[in-house]
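Here's a quick briefing to read with the model open next to you.

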There are 2 protein chains.
Amino acid sequence: MEKSEFDLIKSYFAPLASGYEEAFDLLNDAALISEKPQASTVVTMDTLIAGVHFLMSDPAGDIARKCLRVNLSDLAAMGAAAFGYSLSMAYNSQIDVGWVKEFTTALGEDQQRFSCHLIGGDTVVTPGPLTITITCFGSVARHQCLKRNTAEVGEDVWVSGDLGDSAAGLKLLNKELDVSDAEARAQLIHRYRVPEPRCDLGIELLQNAISRTAMDVSDGLLADLGHIARASNIAVELYEDKIPRSAAFSALMSSSPDLGLALAVTGGDDYEIVFTSDPAQEQAIQELSRKLSLKLSKIGKVVSGHGVRLICRNGKTFLPTKAGWTHF
Amino acid sequence: MEKSEFDLIKSYFAPLASGYEEAFDLLNDAALISEKPQASTVVTMDTLIAGVHFLMSDPAGDIARKCLRVNLSDLAAMGAAAFGYSLSMAYNSQIDVGWVKEFTTALGEDQQRFSCHLIGGDTVVTPGPLTITITCFGSVARHQCLKRNTAEVGEDVWVSGDLGDSAAGLKLLNKELDVSDAEARAQLIHRYRVPEPRCDLGIELLQNAISRTAMDVSDGLLADLGHIARASNIAVELYEDKIPRSAAFSALMSSSPDLGLALAVTGGDDYEIVFTSDPAQEQAIQELSRKLSLKLSKIGKVVSGHGVRLICRNGKTFLPTKAGWTHF
């Protein structure tokens, strides 16, 4: 890199902190968070690595957006309103000033969109792949948040948006799948590169007491519901024909429906919100869906027992063979 | 690794969070911080990489301690009392369960010693070197902290402990230096591997209004005082014969005094606290030194102008040639 760490921070990162007074223009060893007395701060942390969580060939701006947004998605799953983040970038010789400029410009745009500021961080040189860690901070009413261990038998299971797009997008990038429709291809790849965190949904679910139990879908729907099932000591029953899939995804998968179903429920990287709710809340959820212009699908039930079962159209049960559902 | 991420967290990391209720046993997407109304939370973040900030051949426990303590040192430089940290570990095939056990055992010991808890984090697999990022949280009186931009002409410059030990320890490990005295060798290498964050010093300086301006010495005394000089728009004058050096260091460097001086003031990784203070505080500082059983040395003055000058015994000025003082 042709600039020193000091110049890099001053030119590209400090401006991202200028709206947050207690970041001290990134000149101190640390920043301050001074919450209102009736609030708690929610803290989440995610590391993303080139070649693992994104591709080095992805545009720098998309990498920036993904790194910030997967953290915002965690805050959404807790029902928190984001206000700040610390960023550590371990960069290597593949990164030049132009890349940093594109990366920080995209962060600046996302900061505006999601109402948060850079408040601190670290830059270091690594002999390894580009590695970005963000610790993200949000605000909730004191001691209040959505959890994983509060699901109850009889509740409905809901999920936002569509599932599988991101996993299909990665397979298109890796040439494991192909599609002639250029628009569908671009749409699926975009869903892999740039998640859409459901911030408003999480906040509304918590503040209006529509749900107490939520997660964001990062490891895949079945794996993440498995975490809720374990933590809450309940089981989840899902129905294949209720799993929401986009038109682009369904068209791509029309000739391989089994792979399509697997990608939708185990592919991961969806960053949708899965939540449980009392059936009496159904109308409130439909209204919330209209208010947020966001598809919300009732996909199953909380039942007694252990684990997650997906009931297929043919009446059989989809049962991955490996713990963690990491392989289909 | 023979264990899944889920088992790893449950077996080794979750116990480190058990004393912090709003970490939810690491089962949720995020943790909560619920500060007292009259407090602010101080946030700092540091990434350490094998081969850059520590050696993969260092004991796993020492790596754990270094990763946590460099963050605690940043909190000390702000005058904050640590209470929690989030940890992200990007590990590779060099890491096995035994290594993780040793690493987390050392974290547990340091947690007790420094009164803080793990509150969250992330574990990921990397094709690169072991990369550990910690975001550390401390508490201060609302909106109060030590800063870099508050040094004033006429103040004295003080530093804790001894300088250069860590840089000499690294040179011993890298076989760039050698010493026959086994005890001195072990002592210097230990100072490289396991910093001693001056937590109590930072808190006392802030709470007793002895100082308003401090930093921890990580890049090297001259570089770090350069940050204070720039931020405060003042200059600093230091005196060679006041720079505190340990007996082991002085003995090792007795035949190369120029290299010794360079290591002490530019070597870095010292994690001592450098601070400025009104001359009227000298007695309070001497008392604090006795109370904490910690050497505190008056090494120079804040003067008008720009930059940092080190006045040598021969009356000449030590003037590194490169901005950032990264090379001697």
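Predicted model: local features only at pLDDT ≥ 70, side-chain atom pairs only at ≥ 80, totals over all residues.

Residues are numbered from 1 along each chain as its sequence is written, chains are lettered from A and ligands numbered from 1 in the order in which they are written, and side-chain values use heavy atoms, leaving out hydrogens and water.

**How the chains meet**
- Contact (heavy atoms within 4.5 Å) links 58 residues of chain B with 58 residues of chain A.
- The copies meet through the same surface, because 100% of the interface residues of chain B are also interface residues in chain A.
- Together the two chains bury about 4200 Å², 59% of it on carbon and sulfur atoms; buried area is the accessible area (1.4 Å probe) lost on putting the two parts together, summed over both.
- Across this interface there are 21 residue pairs in polar contact, both at pLDDT 80 or more.
- A polar contact is a pair of N or O atoms within 3.5 Å; within protein, one must be able to donate a hydrogen and the other to accept it, and residues adjacent in sequence count only if both atoms are side-chain atoms.
- On the chain B side, β2(B) gives the largest share, nine residues; strands (E, at least two residues) and helices (H or I, at least four) are DSSP runs, numbered from the N terminus.

**The annotated sites**
- An unreviewed UniProt entry lists A:Asp29, A:Thr44 and A:Asp74 under "binding site"; such annotations may be inferred rather than shown by experiment.
- A:Asp29 is buried at 14% relative accessible area, where buried means under 20%, exposed over 50% and partly exposed in between (1.4 Å probe, protein chains only).
- Contacts of A:Asp29 include B:Thr44 and B:Asp74.
- A:Thr44, in strand β2 of chain A, is buried at 2%.

**Helix α4 of chain A**
- Among the buried residues of α4 (165-173) are A:Asp165 and A:Leu172.
- The buried residues of α4(A) pack against α5, α8 and α9 of chain A.
- Just after α4(A), A:Lys175 has a positive phi of about 60°.

Terms used:
Lists of a residue's contacts leave out its neighbours within four places in sequence.
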